[in-house]
Amino acid sequence: MKILAIETSCDETAIAIVDGEFGPGKTIRVLANTVHSQIAIHKEYGGVFPMLAKREHGRKLVPLLVETLKKAGMYRTTSRHVIEHPLRPEFQEIFEREQELYAQFIGEIPSIDPPLFDAIAVTEGPGLEPALWTGINFARALSLVWKMPLVPINHMEGHLLAGMLEGDASELHFHDIGFPVIGLLVSGGHTEIVLMHDFGQYEIVGETKDDAVGEAFDKVARILGLPYPGGPEIARLALLGKTGKYTLPRPMLNSPDLDLSFSGLKTAVLYLVKNHGALDEQTRADIAREFEESCVEVLVKKTVKAVEHYGARSVVVGGGVSANKRLREALARAIETACDGVSLCVPAAQLTTDNALMIATAALGKDMLRDTSKGSLSAKGNLRIGSKTLFER
Ligand code: KG4
Ligand code: ZN
């Protein structure tokens with residue numbers, strides 16, 4: 001199965017082309033994997049602005065597709081001009097709110113010889129709806145011109161599957177995982193503990209009641225005067241920090257469920273900083289260290305609790321915050337000591353933050369499960385990976 005995958009849910013414009021099959025023992029060949037990060041644009045504002053993200057996706061999708069096709073050795077031009085009627089009604093509807101994308105699409109796509117893909121996969125949610133729409137509309141237009149099926153993908157499912165992959169930039173395989181799996185999804189928009197009975201079968205058994213952990217990293221970074229995105233900045237600063245200098249709360253550490261909370265922790269940092277007065281470099285580092293420590297401690301404790309409760313055989317971590325070294329180390333230590341025989345899978349560095357390889361992987365899985373969910377394709381900002389199951393002690 002050859003898949004073209006498109007991801008635009010937040011501030012990365014990403015396209016990947018893979019050829020492979022889904023599941024243990026199967027190989028996914030990465031023909032091309034490109035990401036255009038908008039961080040430099042959003043940095044100025046300290047966070048992601050949805051309409052700005054949308055505009056940038058609109059500008060970058062077509063050139064990024066050309067670059068990705070070239071990398072995959074699939075870029076060929078044709079004089080046949082594959083779009084006969086660029087003003088036909090379907091296009092008008094698709095590009096109604098995508099003026100910039102439309103101009104680029106019409107300028108470039110008609111002269112590309114249609115590459116042979118089995119399907120075009122695109123993130124339908126969750127994420128920033130204006131940003132999601134641009135990727136979806138681009139995918140819809142391509143599928144119309146190139147006459148290929150469209151596969152809508154849940155971004156969080158992509159993150160979870162990315163955590164199961166091992167290999168290098170050119171070839172990926174699935175880790176040897178055992179079900180049930182406990183998935184720890186930690187990104188800028190989501191923090192969820194997912195019980196996975198099998199591929200495609202998800203239940204959310206714990207989640208944040210307020211801010212996502214990545215969001216807390218970003219907000220605390222701002223309080224400490226660090227640039228966006230805050231996660232890597234806090235992690236870097238925390239390396240210089242000492243423990244025991246400040247004490248921050250561990251929200252919901254001992255709550256009877258698997259839920260989490262990070263908003264109070266962020267507020268605690270805000271008050272600590274307000275009451276402290278001017279901060280020298282060492283103080284900022286000590287606060288960053290304690291904040292990171294607090295996030296890691298609650299995430300690890302709730303993950304281990306979930307493993308024990310559901311008799312999980314593997315833990316899979318996904319999402320941008322899974323890049324955090326201290327989180328990876330603490331999880332490995334805790335699982336080694338408290339969860340006998342349980343394996344831990346973390347994504348390769350390039351697959352932690354948003355990318356389209358994870359979207360392509362999820363699309364291969366849809367075929368395996370014969371998921372024929374057609375429906376109308378629309379941006380679903382709050383799309384969930386599964387329904388929430390009450391945690392019963
Ligand atoms: O998955 P992702 O790229 O985008 C969303 O789907 O939200 O996650 C981005 C988040 C940001 O909040 C960023 O600060 C955080 O991941 N992040 C980290 C680290 N690297 C990225 N958080 C903690 N430590 C890191 N090393
Ligand atoms: Zn993400």
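1. Gln-99 is exposed because its relative accessibility is 54%, where exposed means over 50% relative accessible area, buried under 20%, and partly exposed in between (1.4 Å probe, protein chains only). Gln-99 is placed in helix α4; helices (H or I, at least four residues) and strands (E, at least two) are DSSP runs, numbered from the N terminus. The side chain of Gln-99 reaches the backbone oxygen of Glu-96 at 3.3 Å. Between the C-alpha atoms of Gln-99 and Thr-123 the separation is 21 Å, and the two residues are 24 apart along the chain.

2. Concerning the basis of these values, this is a predicted model, in which local features need pLDDT of at least 70 and side-chain atom pairs count only at pLDDT 80 or more, while totals for chains, interfaces and linings use all residues. Residues are numbered from 1 along each chain as its sequence is written, chains are lettered from A and ligands numbered from 1 in the order in which they are written, and side-chain values use heavy atoms, with hydrogens and water left out.

3. Helix α4 spans residues 99-108 and also holds Glu-108. Glu-108 is partly exposed because its relative accessible area is 26%.

4. Which residues coordinate the zinc ion? His-155 (NE2), His-159 (NE2) and Asp-354 (OD) do so, at 2.0 to 2.1 Å. Donors are N, O and S atoms within 2.8 Å of the metal (3.2 Å for Na, K and Ca); water is not among the atoms, so sites may look incomplete. Along the chain, the donors of the zinc ion follow the spacing H-x3-H-x194-D.

5. Both histidines belong to helix α6 (residues 155-162), where His-155 and His-159 are four residues apart, about one turn of the helix. His-155 counts as buried because its relative accessibility is 5%. His-159 is likewise buried, at 1% relative accessibility.

6. Ligand 1 has 19 residues around it, and His-159, Gly-188, Asp-218, Gly-231 and Gly-320 come nearest; a residue is near a molecule or strand if one of its heavy atoms lies within 4 Å of it. An oxygen atom of ligand 1 is 2.8 Å from a polar backbone atom of Gly-188. An oxygen atom of ligand 1 also lies 2.7 Å from an N or O atom in the side chain of Asp-218. A nitrogen atom of the ligand is 3.0 Å from an N or O atom in the side chain of Asn-324. Of the 550 Å² of accessible area that ligand 1 has on its own, the protein covers 90%; accessible areas come from the Shrake-Rupley method with a 1.4 Å probe, and for residues only the protein chains shown count as cover.

7. The elements that give two or more residues to the shell around ligand 1 are α6, α7 (213-223) and α8 (230-238).

8. Is Asp-211 buried or exposed? Asp-211 is buried because its relative accessible area is 9%, and its place is in the loop between β10 (201-207) and α7. Its side chain makes polar contacts with the side chain of Lys-219 (3.3 Å) and with that of Lys-266 (3.3 Å). A polar contact is a pair of N or O atoms within 3.5 Å; within protein, one must be able to donate a hydrogen and the other to accept it, and residues adjacent in sequence count only if both atoms are side-chain atoms.

9. Most residues other than glycine have a negative phi, and most peptide bonds are trans. The peptide bond from Gly-125 to Pro-126 is cis, with omega near -10°, and Pro-126 is found in the loop between β4 (119-125) and α5. Phe-179 and Pro-180 are also joined by a cis peptide bond, with omega about 0°; Pro-180 is in the loop between β7 (171-174) and β8 (181-186).

10. Lys-147, not a glycine, has a positive phi of about 55°. Lys-147 lies in the loop between α5 and β5 and is exposed, with a relative accessible area of 71%. Met-252 has a positive phi of about 60° and is not a glycine either; its place is in the loop between α8 and α9 (263-276). Met-252 counts as partly exposed because its relative accessibility is 24%.
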